[in-house]
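Open the model in your viewer and keep the selection panel at hand. The tour goes from one selection to the next.

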Amino acid sequence: MPANMAPSSAEILRFLPEIILAVMGTFIMVLDPLVRGKSPKIFGHISILAMLAAIGASIFAYTNPGPAFSGMLMVDGFATFFRVLVLGVGILAVLSSYRFLDRERADTGEYHALILFSLVGQCVMVTANELIMIFIGLEISSIATYVLAGYLRDDKRANEAALKYFLLGSFATAFLLYGVAIIYGITGTTNLSAIRAVLSNTTTAPAGAVVGAAVALMFVGLAFKVSGAPFQIWAPDVYQGAPTPVTAFMSAGPKAAAFAVFLRIFMTAFETVGTGWEPLVWVSALLSMTIGNFAALVQQNIKRMLAYSSIAHAGYVLVALAARSEIGTAAAMFYLAAYAMMNVGAFAVVAHLSGKGERRLSLNDFAGLGVKQPLTAALLTIFLLSFIGVPLTGGFFGKFYIFKAALQSNLVWLTVLGLLNSAVAAYYYLRILVVMYMHEPGEATLAVEPLSFGLSAALILPAIGTFVLGIFPSALLQFADKSSIFGR
Amino acid sequence: MPTTAAETYFPVLVQALLAIVIAAALVSLSFLLGRKVKNSVKDMPYECGIVPTGDARHRFSVKFYLVGMLFILFDIEAIFLYPWAVVYKELKMFGFFEMFTFILLVVAGFFYIWKKGVLDWSHNDPSALRSPAGRVEMRDHHPEEILVAMKR
Amino acid sequence: MAPITTGHYLGLSAALLLIGVAGVLTRRSIVVVLMSIELILNAVNINLIAFSSNSQNVRGQIFAMFIIADAVAEAAVGLGILIALFRNKDTVLADEVDLLKW
């Protein structure tokens, strides 16, 4: 045992974002029963401040990158990128929940505390360089998100969403853990770099079948978390049943963090056995894109349609993973940033339109939104065009870089099928645009309330971000390129 | 060192035999030497203890599920104390502060459930308890109802 | 009689994994499904501790403790969600939870 276990101040600084989030989350939790509903909005303000402080701390931590706590955490460009991304998603989600929580009379400290705890988990996940830490982060994030999905306790749909999310999520975690246990058994370590060293040493490398079983089990667990086919069954039900701001949060934040873990584990520890797992990712990517896009075509419920679209987008990111290259990793990072912004924005519009009790969720409820609320409609148009991948939006460059990376790795068929899928996807996104601008205003659009301040912020910020990524993609891409080597 | 299976398990066999002999001896001795009295007090489950008040298969209020859940949560927190206790001396003050932080977080959780009124079973004042649904509801669902629902 | 080796523990763990998976996939009652998931987590713990004692490396035991704590947190949250569902729907059967589909 080392004589001095105490971490240096540099190590504590590298962990500061998580410390801020955990302390503020606990503070809100303790404050809630003391304030008892006198001024519920204060919790939202506190949590936004906490997240802004955590973003600041993440960026500050990157001025002195390196490992922390005996190599359990690794603060590098990759971790910083995803920390800022998930925290940004958290801020947008809280901004879009002010009006929603007020409307449902459910504004409590617990909601914000749970969001902060979930973010602690996600930040730990993206920073972890070790399987135990990855597991702990994953579970902190997941358990908080299970509760958030069922946050409206008297809503049967929310109950059902939480239950399905919980059962399938913990089942997936159990699989992931079984894979981790086998990896620990054959390599004697849980550190990703050390696992890589054992697996790449041809003289001492363990039997291929055992490694294969472990990698496959971990793949199943992670594919569940990112809602990649064929483990996507939970996603439509959960995204539809959960409160809309929560859906916005969990379809972007935990998903991005799970992809970060996916990339880090598979591109560092398992990179040397890449030819073995590439077919798995290949098949999963193709299935996700196809199932997601074709199922979305027939949906009438807008949340369910966006859920299937989110499965399809997970498929595109898996294409980048299948490329097994640093360019692919960078493309996945860029795509996740663009996807997070358009997805949170689109769900925020749904939260705005759905009305009390979330009754107006049908596609036809968007009829005439372009006449009644031109600004909301215009913002939603931006997000939908980015989903399709129209030039000048972040979605375009995201898809462009992903398919470029796939072609460079000779994944010609996957690229062709992916492009065909994008064409199919354009149909259902355009359908929303047609209903919004070509149809007469219906009952739902006539009853819609004016945009509140929080919601406008939650819509305009990602819209600006979508344009920035679409017009000046190089700055972010260069950072992603630089970070995609994982400090090796 | 024992080498065969028979040698390994021989002590177990001796112990089992001893247990049977002693148990049988005690029961038969008290039967042979004791005075025999027969009345209703003798037939009660706890002759010198509490007077039974009803069936053992008693229904519990669903409130107790919450208490049980909290108990197991706080109970398991204690497992993190064991490895800490093993290396406490080597970790010195650092270990103390780390564990202090951990306990502080657990206490924060305890404070939260206490202030939420979860530990207060006696009264059901709706204004005191607040939750997304309005208040922490203590509606009674008995385990048997759940069992019936499970069998359906 | 042969001594108990790491291989025996791995066999036990694999059996628990299979029982757990079969339970999750076939049982209707959500309570039993929850128990089956706990069973898989215990299979993982047995694996980790067997490997840990085999390689004289304490990391696996620490990992197992975190898994125990996590399993408890999951059970608590799962039961909470289940009670909320039961209050609204009066069922704990997986196939009667069917508001959301297609």
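Is the crossing of helix 6 of chain A and helix 12 of chain A left-handed or right-handed? This is a predicted model, and in it the two helices make a left-handed crossing.

To see this, select residues 131–149 of chain A for helix 6 and residues 253–269 of chain A for helix 12. Their axes lie 11 Å apart, at an angle of about 165°. Angles over 145 degrees count as roughly antiparallel, so helix 6 and helix 12 of chain A fall into that class. Now show the side chains: A:Ile134, A:Leu138, A:Ser141 and A:Thr145 in helix 6 meet A:Pro254, A:Ala257 and A:Val261 in helix 12. This contact has five nonpolar and two polar residues, and no charged ones.

Next, stay in chain A and select residues 326–354, helix 15, with residues 453–471, helix 21. Here the axes come within 9 Å and cross at roughly 150°. Helix 15 and helix 21 of chain A are therefore roughly antiparallel as well, and their crossing is left-handed. Among the residues making the contact are A:Met341, A:Gly345 and A:His352 of helix 15, and A:Leu455, A:Pro462 and A:Leu469 of helix 21. By class, the contact has 13 nonpolar, four polar and no charged residues.

Last, show chain C beside chain A. In this pairing, 32 residues of chain C are in contact with 31 residues of chain A. On the chain C side, select helix 1 (6–26), helix 2 (30–54) and helix 3 (59–89), each of which supplies at least two residues. Helix 3 of chain C gives the largest share, 16 residues. Coloured by class, the side of chain C that touches chain A has 22 nonpolar, six polar and four charged residues.

Definitions and conventions. Residues numbered from 1 in each chain as written. Chains lettered and ligands numbered in written order. Predicted model: local features only at pLDDT ≥ 70, side-chain atom pairs only at ≥ 80, totals over all residues. Axes fitted to C-alpha atoms, helices over the stretch in contact; angles between N-to-C directions. Helix = DSSP H or I, 4+ residues; strand = E, 2+ residues; numbered from the N terminus. Parallel < 35°, antiparallel > 145°, perpendicular 65-115°, else oblique. Left-handed = near helix turned anticlockwise from the far one by under 90°. Contact = placed C-beta atoms within 7 Å. Nonpolar A, V, L, I, M, F, W, Y, C, P; charged D, E, K, R; others polar.
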